[in-house]
Amino acid sequence: RLARLRARLVKSNNIFGRSLLALLSRDEIDEDVWEEIEEILLMADVGTEPALELVDRLRERVKVEGTQDTGQVKAMLTEELTALVDPSLDRRLTVTAEGRPAVIMVVGVNGVGKTTTIGKLARMLVAEDKDVLLGAADTFRAAAAEQLSTWGHRVGVPTVKSDVEGADPASVAYAAVDKGIELETDVVMIDTAGRLQNKADLMNELGKVKRVVEKKSPVDEVLLVLDATVGQNGLNQAKVFAEVVNVTGIVLTKLDGTARGGIVVAIQRQLGVPVKLIGLGEGPDDLAPFDAEEFVTALLE
Ligand code: GDP
C-alpha cells in the first residue's frame, strides 16, 4: 500500500526530481546550475528563504569537498532537502487517551478535503482495531453532514449529526464527544465548517466548538487540512486558522495532483507545525503518515 502511495507521489513530483537530477548530471556544476536549482525549488513552493539557504549550503559543501561527482552531489542534495523537511519533528498522531476517547478536531477551508480526510483517517484507525466515532459539526451545509455519514457507512463507523440544518456546531460536537464517552469509543473525530468569511467569524465558530468540547474532554489534536495544489496562497489561510485554534498538525491533501510538494517546507517553517499526514488521492486508502526521508526520496526519484 505504501509502495502504491509512493509511486503516486513520485509520479506527481517527478518533473521536480528529474530536473534537479538532470542538472546535477551536467559535466560541470557551475553558477548556472545553482541558479536553476534555486528556480526549481521555488517552483516546487519550497519558499524563497529555504531555497536560497539550501543552495548556499549545497554550493559550499561542493566547494569544500571539491567534488563534481554526480552521485556525491545527489547524496548531499538529498541530505540537505531532508534537513529542510526536518526529520526531527514529532509527527505522531495522538489517538489514545487514558480512560476517555482521544478527540481530534479537523479544520480547514471548504473544498480542501476535510471530510474525505476524516473518512480515510477513520479507515486507517479502524484497521488498527480502534473504535471511531464521527461528529458532523459542519452544520452550515446539510450536504456536509450527509457526506460525512456516507464516509462513516463506508468505513463502518457511526456518525453523530443534527437533523436540523444550521444547528449549533458546538452542541453537535459536544454531543459527539458525549456519545463517544458513553460508547467507550477510542477516537472521536469532529468535522467543522470551513467558511472563511473573516477571522472574527471563524474565531467565534471554531473557538466556540473547541471551548464547548473542552467542557467535556480535552481536545488532543487540531488537524488543519491544506490543499497542496493551492500553493503559497494556502499558507495565508493556514495562518488565520493557526491564530484562531491551536493547530497541532497539518494534513496536506492532493499531493497526487501537484509538483509542488515543497510546500511542506514552507508550511512547517511559517506555522511551526509538523505535516503529519498526506493525501494522495480520493479513495479510502489514499492517506499516509508523513515521513521526511521517504518524502524526499520520492521527490528525487
Ligand atoms: P471539504 O469541503 O474540505 O470537506 O472537502 P471534501 O472532503 O469534500 O473534498 C473536496 C474534493 O477534494 C473532493 O472531490 C475529494 O474527493 C477531493 N480530495 C480530497 N482529498 C484528496 C486527495 O488527497 N487527492 C485528490 N486528488 N483529491 C482529493
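Author: In this predicted model, a helix axis is a line fitted to C-alpha atoms over the stretch in contact, and an angle runs from 0 to 180 degrees between N-to-C directions.

Reader: With that in mind, what makes the relation of α5 to α6 parallel, antiparallel, perpendicular or oblique?

Author: Helix α5 (residues 114-127) and helix α6 (residues 142-155) pack at an angle of about 20°, with their axes 9 Å apart. Angles under 35 degrees count as roughly parallel, and α5 is therefore roughly parallel to α6. The crossing of these two helices, α5 and α6, is right-handed.

Reader: Which residues make that contact, and how do they divide by class?

Author: From α5 come Thr115, Thr116, Ile118, Gly119, Lys120, Ala122, Arg123 and Val126, while α6 contributes Gln147, Leu148, Trp151 and Val155. The contact of α5 with α6 has 6 nonpolar, 4 polar and 2 charged residues, and Gly119 is placed with the polar class because Gly is counted there by definition.

Reader: What are the angle, the handedness and the residue classes where α3 packs with α4?

Author: Helix α3 (residues 48-65) and helix α4 (residues 70-85) pack at an angle of about 145°, their axes being 10 Å apart, and the crossing of α3 and α4 is right-handed. Pro50, Leu54, Arg57, Leu58, Arg61, Val62 and Glu65 of α3 meet Val73, Met76, Leu77, Glu79, Glu80, Leu81 and Leu84 of α4. The residues of this contact divide into 9 nonpolar, no polar and 5 charged.

Reader: Turning to the sheet, what makes β3 and β8 its edge strands?

Author: The sheet is open and formed by 8 strands, in the order β3-β2-β4-β1-β5-β6-β7-β8, with mixed pairing. Strands β3 (159-160) and β8 (287-289) are the edges in that each pairs on one side only.

Reader: How do you know that β2 and β3 count as paired, and what is the sense of the pairing?

Author: Two strands pair if there are at least two bridges between them, and β2 (residues 132-137) has 2 bridges to β3, in the parallel sense. One of these places Thr159 in β3 as the bridge partner of Leu134.

Reader: Why is β4 described as enclosed or open?

Author: Buried means under 20% relative accessible area; 6 of the 6 residues of β4 are buried, so this strand is largely enclosed by the rest of the structure. In a regular strand the side chains alternate between the two faces of the sheet. In β4, Val187, Met189 and Asp191 point one way and Val188, Ile190 and Thr192 the other, all of them buried.

Reader: How many bridges join β4 to β1 and to β2?

Author: There are 5 bridges between β1 and β4, which run parallel, with Val106 opposite Asp191 in β4. Strands β2 and β4 also pair in the parallel sense, over 6 bridges, and Thr192 in β4 is the bridge partner of Ala137.

Terms used
Residues numbered from 1 in each chain as written. Predicted model: local features only at pLDDT ≥ 70, side-chain atom pairs only at ≥ 80, totals over all residues. Heavy atoms only, no water. Helix = DSSP H or I, 4+ residues; strand = E, 2+ residues; numbered from the N terminus. Parallel < 35°, antiparallel > 145°, perpendicular 65-115°, else oblique. Left-handed = near helix turned anticlockwise from the far one by under 90°. Contact = heavy atoms within 4.5 Å. Buried < 20%, exposed > 50% of the residue type's maximum accessible area, 1.4 Å probe, protein only.
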